[in-house]
Each structure stands twice: as structure tokens, then as C-alpha cells.
Amino acid sequence: QVQLVESGGGLVQAGGSLRLSCAASGRTFSSYTMAWFRQAPGKYRDVVAEVESNGYIYYTDSVKGRFTISRDNAKNTVDLQMNSLKPEDTAVYYCSAGSGRGTYFSPRYWGQGTQVTVSS
């Protein structure tokens, strides 16, 4: 069993930065692929970035060059550094633990979500 708790969301102006953090409980954290998803009102929940246990990283095209995902297996955390934020990045961001890669990622555990709002 893995429990995930996100933090770091908030309100920021376009062009600004935010850093999201996800703290995980459980002794098997290092074996999971960790991912960040987001869901805007009226839209599907989509993957933003993933980091596998072997260090492989995936980003969806819309955030490449702006977002950076990182994990610390010693601390059981996964972070998402978000720079050059745009209004279209506004969404609830969710941390997830699971397996698979890219659009084939299969989530097993979810956090409760944290709101990110980017004003124009």
C-alpha cells in the first residue's frame, strides 16, 4: 500500500513558476513509476510527466522544456518543477504511483490532488 500526499499548488501569474511535491509512504516506493497528471474542468485527467525507477523520464509534449520531474528514493518524494507557466496549465495536479510508460502508464495509487491556477 502506498499513500501519496501532494503539496505546492497555488495561484501564479503567467510566466511564473511553481514546484509541486509528492510525499509517499510505503517501503516499495522505489519500485514504482511515479507520475504527475492534471485535470482541468470538463477535461480528462492526462499524464504530464513520469519518472521510472530506472530514471527514464517522459514528458507530454505541451510541457517539454518548461517542466522538470525528479524523484528522491531515499526521501520517498517526487517533485514537479513548473516554469514559464501558462493559463492553459491551470488544473488540479495529481501524483500517481504505478507502472508502464507514456500513455501506457497504468496508475495504481493516487494522491488527493493540488490546485494550480495560472492567471493571464
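Helices (H or I, at least four residues) and strands (E, at least two) are DSSP runs, numbered from the N terminus. In this predicted model, the protein has 0 helices and 11 strands, and its pattern along the sequence reads β-β-β-β-β-β-β-β-β-β-β. Its radius of gyration, taken over C-alpha atoms, is 13 Å, close to the 14 Å that the globule rule (2.2 Å times the number of residues to the power 0.38) gives for 120 residues, so the protein is as compact as a globular protein of that length.

Because the model is predicted, local features need pLDDT of at least 70 and side-chain atom pairs count only at pLDDT 80 or more, while totals for chains, interfaces and linings use all residues. Residues are numbered from 1 along each chain as its sequence is written, and side-chain values use heavy atoms, with hydrogens and water left out.

**Overall dimensions and surface**

- Taken along the principal axes, the C-alpha atoms of the protein fill a box of roughly 40 × 25 × 25 Å.
- The accessible surface, computed by the Shrake-Rupley method with a 1.4 Å probe, comes to about 6,300 Å², and 47% of this area belongs to carbon and sulfur atoms.
- Of the 120 residues, 44% count as buried, where buried means under 20% relative accessible area, exposed means over 50%, and partly exposed lies in between (1.4 Å probe, protein chains only).
- Among contacts (heavy atoms within 4.5 Å) with a separation of 6 or more, 56% come from residues 24 or more positions apart.

**The sheet of 4 strands**

- An open sheet has its 4 strands in the order β1-β3-β8-β7, with antiparallel pairing, and two strands are said to pair if DSSP finds at least two bridges between them.
- The edge strands, each of which pairs on one side only, are β1 (4-7) and β7 (67-72).
- Neighbouring strands of this sheet are turned by 15 degrees against each other on average, direction ignored, with axes fitted as lines to C-alpha atoms and angles running from 0 to 180 degrees between N-to-C directions.
- Strand β1 and strand β3 (residues 18-24) pair in the antiparallel sense over 4 bridges, and the bridge partner of S7 in β3 is S21.

- Strand β2 (residues 10-13) runs parallel to β11 and is joined to it by 4 bridges, with Q13 standing opposite S119.
- Strand β9 runs antiparallel to β11 and is joined to it by 3 bridges, with V92 standing opposite Q115.

- S96 is found in strand β9 and is buried, with a relative accessible area of 0%.
- The side chain of S96 reaches the backbone oxygen of Y109 at 3.0 Å, which falls under the definition of a polar contact as a pair of N or O atoms within 3.5 Å, where within protein one must be able to donate a hydrogen and the other to accept it, and residues adjacent in sequence count only if both atoms are side-chain atoms.
- Not counting residues up to four places away in sequence, S96 touches several residues, including L4, F37, F105 and W110.

**Loop residues with positive phi**

- N76, in the loop between β7 and β8 (77-82), has a phi near 55 degrees, a positive value in a residue other than glycine, and counts as buried at 17% relative accessibility.
- S84, in the loop between β8 and β9 (91-99), has a positive phi near 50 degrees and is partly exposed, with a relative accessible area of 41%.
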